[in-house]
Amino acid sequence: MSSPIINLQTLEQHQDLVITPPASGLSLQGKITIPGDKSISHRSLMLGAISEGETIIHGLLLGEDPRSTASCFQAMGVEISELNSDRVTVKGNGLGNLTEPTEVLNAGNSGTTLRLMLGLLASHRDRFFTVTGDHSLCSRPMSRVVKPLQEMGAQIWGRKNNTLAPLAIQGQALKPIHYYSPIASAQVKSCILLAGLMTEGLTKVTEPALSRDHSERMLQAFGAKIDVDPDTNSVSIMGHPTLKGQTVIVPGDISSATFWMVAAAIVPDSNLLIENVGINPTRTGILEVMQAMGADITLENERIVTGEPVTDLRVKHSHLKACTIEGDIIPRLIDEIPIIAVAATFAQGTTIIKDAAELRVKESDRLAVMASALNKMGANITELSDGLEITGGTGLTGTEVDSFTDHRIAMSLAIAALNAKHSTIIHRAEAAGISYPTFVSTLQQVCGE
């Protein structure tokens with residue numbers, strides 16, 4: 001009996017993922033159903049919590065991050081049924097009716113939970129909140145949302161001059177502002193829009209480039225008065241709308257799909273069909289980059305599901321070529337850059353990634369960690385201050401690497417290991433469960449195990 005290709009080893013405190021491709025090579029085949037979109041899962045729970053009536057969510061992502069969102073809102077008096085991927089019911093409290101919690105709200109590892117929730121908490125007048133997260137989240141910058149909220153009149157205190165969690169918030173009657181964000185960030189934009197729900201008048205956010213627009217789409221679906229100006233990358237919201245509970249069908253997360261897109265592209269003779277993938281235009285930068293690199297990707301059965309465009313993606317092995325990734329496309333694929341680095345390692349030529357300094361303040365310094373781990377496997381990567389320079393075609397050899405408890409790092413290195421010689425051991429691989437609880441079982445499936 002042949003030894004397993006994918007072997008998950010549970011240690012005392014962590015898990016090691018051991019990947020040993022057969023000497024004869026792999027061929028990835030089959031259909032994949034990916035977890036629900038993380039961004040939409042967060043927002044459906046939040047908007048359901050502050051709406052009137054019931055919100056029904058189908059396809060919710062069951063990762064640790066959405067669980068953190070649900071837990072926080074349950075602590076503020078919102079009734080949320082047991083989380084599952086079939087049907088979750090949220091009985092909304094109505095706008096402005098979150099109750100003051102008796103405990104510290106814990107966002108876990110989820111920056112989306114903490115940053116978006118701050119907009120709601122700061123606008124709940126005469127209520128006091130404290131929020132924290134795990135070690136990683138407490139080291140990530142919060143000034144990007146604290147500063148505009150303070151301009152609206154928010155009272156927020158925290159570590160390092162109010163820039164790091166834990167944070168304390170005394171809810172206030174906020175005033176509307178027009179905020180010119182120095183970065184294109186859906187989290188910043190969404191935080192301000194959520195705060196604007198409770199203001200008297202029009203709150204507006206202008207970004208230097210387009211960021212993902214899930215909040216605008218969903219706020220509009222729940223009844224908010226939203227105006228989008230794509231020519232100036234601006235979004236405005238009118239305060240005090242009547243939000244009504246909705247039925248939300250969460251499409252598959254294109255960020256999760258990207259791991260299988262790259263896997264099929266780099267592993268010879270592969271042919272994967274990835275079903276039910278959300279292709280919101282603010283998230284499809286990865287498709288543009290993969291196609292620019294020469295990937296064989298076909299969109300099948302394109303359709304609209306609850307206001308979001310969805311498709312099935314067929315991806316076949318192809319000979320990738322290098323490209324340059326920079327500028328306005330970066331906010332549309334910021335989460336996918338670690339796995340793009342893996343694709344570039346197997347592409348002919350030198351791929352340049354720039355304008356991605358944001359990756360240094362994610363769950364880990366993703367630029368440094370990916371460069372270090374892939375170089376350890378034999379890649380040729382040079383760190384830039386805001387990106388990576390990757391000379392492909394060097395071939396990889398398995399070794400021991402570490403996820404640094406970053407889910408996207410863990411999964412990216414697992415995909416790289418599929419096309420490496422000998423065994424790769426990924427320490428702290430359990431991090432994948434933050435956004436993709438079934439990643440290892442799907443990995444086993446596509447490898448024929």
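**Stop one: a charged pair**

Select Glu288 and Arg332: their side chains meet in a salt bridge, with N to O at 2.4 Å. Now colour by secondary structure. Glu288 sits in helix α9 (residues 285-292), while Arg332 is in the loop between β19 (324-325) and α10 (337-345), so this pair ties together parts that are 44 residues apart in sequence. Keep in mind that you're looking at a predicted model.

Arg332 is buried, with a relative accessible area of 14%, because buried means under 20%. Glu288, at 37% relative accessibility, counts as partly exposed.

**Stop two: Arg408 and Asp335**

Select Arg408 and Asp335, another salt bridge, where the closest N and O atoms are 3.7 Å apart. Arg408 belongs to helix α12 (residues 407-418) and Asp335 to the loop between β19 and α10, 73 residues apart. Are these two buried or exposed? Both Arg408 and Asp335 are buried.

**Stop three: Lys244 and Glu52**

Finally, pick Lys244 and Glu52, whose side chains form a salt bridge (3.1 Å, N to O). Lys244 is in the loop between β14 (234-238) and β15 (247-249), and Glu52 is in the loop between α1 (38-49) and β4 (54-58), so the pair ties together parts 192 residues apart in sequence. Lys244 counts as partly exposed at 44% relative accessibility, and Glu52 counts as partly exposed at 40%.

How values were computed. Residues are numbered from 1 along each chain as its sequence is written. This is a predicted model: local features need pLDDT of at least 70, side-chain atom pairs count only at pLDDT 80 or more; totals for chains, interfaces and linings use all residues. Side-chain values use heavy atoms; hydrogens and water are left out. A salt bridge is a side-chain nitrogen of Lys or Arg within 4 Å of a carboxyl oxygen of Asp or Glu. Helices (H or I, at least four residues) and strands (E, at least two) are DSSP runs, numbered from the N terminus. Buried means under 20% relative accessible area, exposed over 50%, partly exposed in between (1.4 Å probe, protein chains only).
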